[in-house]
Amino acid sequence: MEELRAETGGREEKREKSTTLEKHNNGAMVQYFQPPPPRPPRLLAVPAVVRRAAANHEVKLAAIAVDFNVRLRSADMPGTMQERAFRSTRAFLDACPDKRPNPTRLAMCLKKEFDGAYGPAWHCIAGKSFGSFVTHANGGFVYFSVDNLCFLLFKTEVRPVVKPKPPRLLKLTIKD
């Protein structure tokens with residue numbers, strides 16, 4: 001048996017690798033190496049202060065949701081951004097003069113709010129009944145309902161459009 005030395009995090013580990021010898025039909029001996037089984041990754045401990053801070057923020061977000069009559073359906077977004085979405089939506093709904101708010105106008109206002117605060121490429125869908133299948137950037141998705149309206153707010157990646165250069169034309173000369 002041979003030893004395999006792997007350096008991990010400033011210390012050396014010794015792991016064994018096994019070899020197997022086999023004889024083929026033509027009489028040649030072939031040696032196979034089998035790598036050692038992978039070790040499970042080490043888990044890092046999260047300090048209790050960080051866990052408490054995250055738990056406190058989640059409790060605060062839940063309290064805000066209850067105060068604003070918001071029901072969170074799904075989210076892949078930091079809590080501060082979710083809070084801003086809840087507060088903005090509630091403010092837009094409260095600012096509507098009639099009892100029947102226009103979902104298109106609400107979606108436009110929420111989209112512009114997030115475009116101004118967090119950069120371009122935000123999209124918002126609002127209404128009582130809609131279907132969707134969207135692709136979003138990491139950390140840029142929230143789906144929630146307020147009163148009887150649902151809101152889907154998500155961000156997509158923006159890439160600059162680069163137009164390809166047209167191919168160069170060759171000059172042809174015709175000789176008589």
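**Reading the pocket, the cysteines and the sheet**

The largest pocket in this predicted model has a volume of about 300 Å³.

User: What makes up the lining of the largest pocket?

Analyst: The lining counts 14 residues. Lys-99, Arg-100, Pro-101, Asn-148 and Leu-149 lie nearest the centre. Helix 2 gives the largest share of the lining, three residues.

User: Why is Cys-124 called buried?

Analyst: Its relative accessible area is 16%. Buried means under 20%, so Cys-124 is buried.

User: What makes Cys-109 partly exposed?

Analyst: Cys-109 has a relative accessible area of 23%. Partly exposed lies between the 20% limit for buried and the 50% limit for exposed. Therefore Cys-109 is partly exposed.

User: What share of the residues in the protein chain is buried?

Analyst: Buried residues make up 23% of the 176 residues.

User: What is the strand order in the open sheet of four strands?

Analyst: The order is 4-6-7-5, and the pairing is antiparallel. Strand 4 (70–76) and strand 5 (122–127) are the edge strands, as each pairs on one side only. From one strand to the next, the twist averages 10 degrees.

User: How do you know that strand 4 and strand 6 pair?

Analyst: Pairing needs at least two bridges. Six bridges join strand 4 to strand 6 (residues 141–146), and the two run antiparallel. So strand 4 and strand 6 qualify as a pair. Leu-72 stands opposite Phe-144 in strand 6.

User: Which strands does helix 2 touch?

Analyst: Helix 2 (residues 79–95) packs on the sheet and touches strand 4, strand 5, strand 6 and strand 7 (149–155). Its direction makes about 35 degrees with that of strand 6.

User: Where does helix 3 lie?

Analyst: Helix 3 (residues 103–118) lies across strand 5, strand 6 and strand 7. It runs at about 155 degrees to strand 5.

Definitions and conventions:
Residues are numbered from 1 along each chain as its sequence is written. This is a predicted model: local features need pLDDT of at least 70, side-chain atom pairs count only at pLDDT 80 or more; totals for chains, interfaces and linings use all residues. Side-chain values use heavy atoms; hydrogens and water are left out. Buried means under 20% relative accessible area, exposed over 50%, partly exposed in between (1.4 Å probe, protein chains only). Axes are lines fitted to C-alpha atoms, for helices over the stretch in contact, and angles run from 0 to 180 degrees between N-to-C directions. Contact means heavy atoms within 4.5 Å. On a 1 Å grid over the protein atoms alone, a cavity is a set of points where a 1.4 Å probe fits but cannot get out, and a pocket is an open set with protein on both sides within 12 Å along at least five of seven lines; lining residues have an atom within 4 Å of a point. Grid points are joined across faces, edges and corners, and a volume is the space filled by probe spheres set on the points.
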